[in-house]
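Thank you all for coming, and please keep the picture in view while I talk. I will go slowly, so that anyone new to reading structures can follow along.

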Amino acid sequence: MNEFLSGIRRVFAYARVSTKHQSGLSIDGQFRMCERFAEFYNMTIVGKFSDKETGKVNTREQFDVMLERVYAGEVDGILCEKYDRFSRAGASGEVLIQKIEKETGIRVIAVAELMDTTTPVGRAMRGMRMLFAALEREETVDRTIRRMKDMARYAYWMGGQPPLGYKVIDVQDKEGKLRKKLAIDEETAPLVRKIFELYADGKSQAQIVDWLNAQGYKTSRGGAFTKQSLHDILHNEKYRGIYTYFKGTKHNHHAKRDDVVRVPGGVPAIIDEELWDQVQKRFRAHAGYKHRYLLAGLLKCGRCGGYMHGHGGKEPDYRCIKHKPRLTIRKSKIEDFVLAYIKYEILEAVTDIDFELMAHEINAQATQRDHTRKQMIDKLTLELSRLQTDEERLIQAIKAGIGLEGLKEEAQKIKQRKEEIKLKLSQLRGPGGNDYIKVQELKENWELMKKRFYEGTSEQKEMVVRQLIDEVILHPSGYIQVIQK
Ligand SMILES: [Zn+2]
């Protein structure tokens with residue numbers, strides 16, 4: 001690509017809009033794109049030309065003026081957004097470009113089609129597109145959580161064994177439907193209070209477990225107490241009156257806080273806030289400070305290809321110990337490097353982001369998907385009408401007494417295929433059409449992403465990192481390779 005562009009210094013920029021195709025970039029938008037490109041490749045735009053096409057009349061006055069000056073040898077190249085901006089429709093356009101290039105020795109460059117990912121600009125663009133796709137998914141998740149929250153707002157018990165200290169009672173909802181709710185079980189609730197008090201008083205978990213079992217107390221499931229069941233009780237927020245509902249699978253140990261729906265006041269409290277806080281404070285003191293490893297699951301060893309794991313201590317690091325010598329790197333060193341990479345190579349790589357252009361590109365892809373969908377619908381509709389005709393003929397034949405067994409089988413096959421097609425058509429026609437993204441939405445998403453990275457919690461920052469970075473490889477030489485998604 002650089003070879004293709006070498007020697008091109010002075011250029012014209014050409015833009016064109018047509019009232020027939022409103023979906024594209026405005027003339028200003030096309031020019032901005034050319035300008036950015038020219039700046040990046042050290043070209044000088046020495047003239048701008050644009051045409052507006054209306055109706056069927058191809059008035060391209062500026063285009064002709066520009067061509068005269070091109071033939072006069074004023075420039076080395078012409079920049080346009082896409083080749084179809086420059087050329088007349090179809091194959092004749094291609095011929096025109098070749099003719100001009102051959103006769104004048106200049107280059108016609110469609111900057112949108114030249115965007116490649118070997119350049120920082122191209123990479124940044126790709127990074128942003130990625131990011132918006134990620135945000136879209138995230139919004140879907142948000143909507144799902146909101147729906148779950150609505151469900152859980154009334155804190156109905158979703159079934160299963162109630163926790164120790166509670167029983168399940170029947171209540172009627174607004175529509176008179178029977179629902180289940182948690183209520184305090186006065187027989188076992190005092191035991192829960194006792195457990196919290198013992199722990200707050202400084203008893204160890206092992207001591208409490210031993211005491212409970214020695215007294216013959218049973219868990220809510222009727223078993224003996226273990227360290228795990230005690231731990232679950234001391235961490236269960238329902239005892240402080242917060243109804244919690246985990247929307248993920250129970251076996252997912254990597255559940256995040258976001259996965260839990262919390263409804264304060266959703267259950268009657270057994271423990272007051274003061275006692276709850278005392279217990280949690282003791283837990284925190286016990287657990288000590290835990291390091292958060294930003295690159296867990298992202299950082300790979302450049303020597304063996306395995307993941308490098310975080311290791312705590314006074315000077316926490318990431319290490320691979322599968323071979324000698326080991327490969328290690330200070331935690332702060334590599335994390336700072338990756339954060340700086342994201343900042344300078346992605347978030348700040350393009351200071352003047354052309355959101356109009358970006359929305360245009362994203363929507364062009366959506367249009368393509370819509371187009372494919374319409375083609376499928378047309379194809380299936382045609383097949384359906386053919387099958388309809390075939391079926392009618394068969395029925396006539398069977399009625400006329402030519403009814404061989406084979407014909408009936410054939411009729412059955414046609415019927416089946418028709419059902420298949422109808423199902424597919426209903427899926428294709430159903431909801432799930434493309435939402436076109438607006439320039440304003442893009443801007444807001446971009447700002448949100450930056451805000452999360454620069455001002456967000458460590459969780460939000462980590463989320464941005466994981467949305468943008470596929471993996472990080474530490475080579476034995478110390479070279480850090482960052483691979484974007
Ligand atoms: Zn290794």
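I will speak about a metal site, then a helix, and then the nonpolar cores. Please bear in mind throughout that what you see is a predicted model.

Let us begin with the zinc ion, which is coordinated by the SG atoms of Cys-301, Cys-304 and Cys-320 together with the NE2 atom of His-323, at 2.0 to 2.3 Å. The angles among these four donor atoms run from 105 to 114°, and the site is tetrahedral. If you follow the donors along the chain, you will find the spacing C-x2-C-x15-C-x2-H. Distant parts of the chain are linked here, since Cys-301 sits in strand β9 and Cys-320 in strand β11, 19 residues apart. Both Cys-301 and Cys-320 are buried.

Which residues of α15 are buried? They are Leu-442, Asn-445, Trp-446, Met-449, Lys-450, Arg-452 and Phe-453. Looking down the axis of α15, we see these buried residues fall within an arc of 160°, and therefore they line one face of the helix.

In soluble globular proteins, nonpolar side chains tend to be buried together. The largest nonpolar core here has 36 residues, of which Tyr-318 and Ile-334 touch the most other members, while helix α12, residues 331–347, gives the most to this core, with seven residues. Apart from it lies another core of 28 residues, including Leu-198, Leu-230, Val-263 and Ile-271.

Conventions
Residues are numbered from 1 along each chain as its sequence is written. This is a predicted model: local features need pLDDT of at least 70, side-chain atom pairs count only at pLDDT 80 or more; totals for chains, interfaces and linings use all residues. Side-chain values use heavy atoms; hydrogens and water are left out. Donors are N, O and S atoms within 2.8 Å of the metal (3.2 Å for Na, K and Ca); water is not among the atoms, so sites may look incomplete. Four donors count as tetrahedral if all angles lie between 85 and 135 degrees; four count as square planar and six as octahedral if opposite donors are over 155 degrees apart and all others between 65 and 115; anything else is irregular. Helices (H or I, at least four residues) and strands (E, at least two) are DSSP runs, numbered from the N terminus. Buried means under 20% relative accessible area, exposed over 50%, partly exposed in between (1.4 Å probe, protein chains only). The arc is that of the directions from the helix axis to the C-beta atoms. A nonpolar core is a set of buried Ala, Val, Leu, Ile, Met, Phe, Trp, Tyr and Cys residues joined through side-chain atoms within 4.5 Å.
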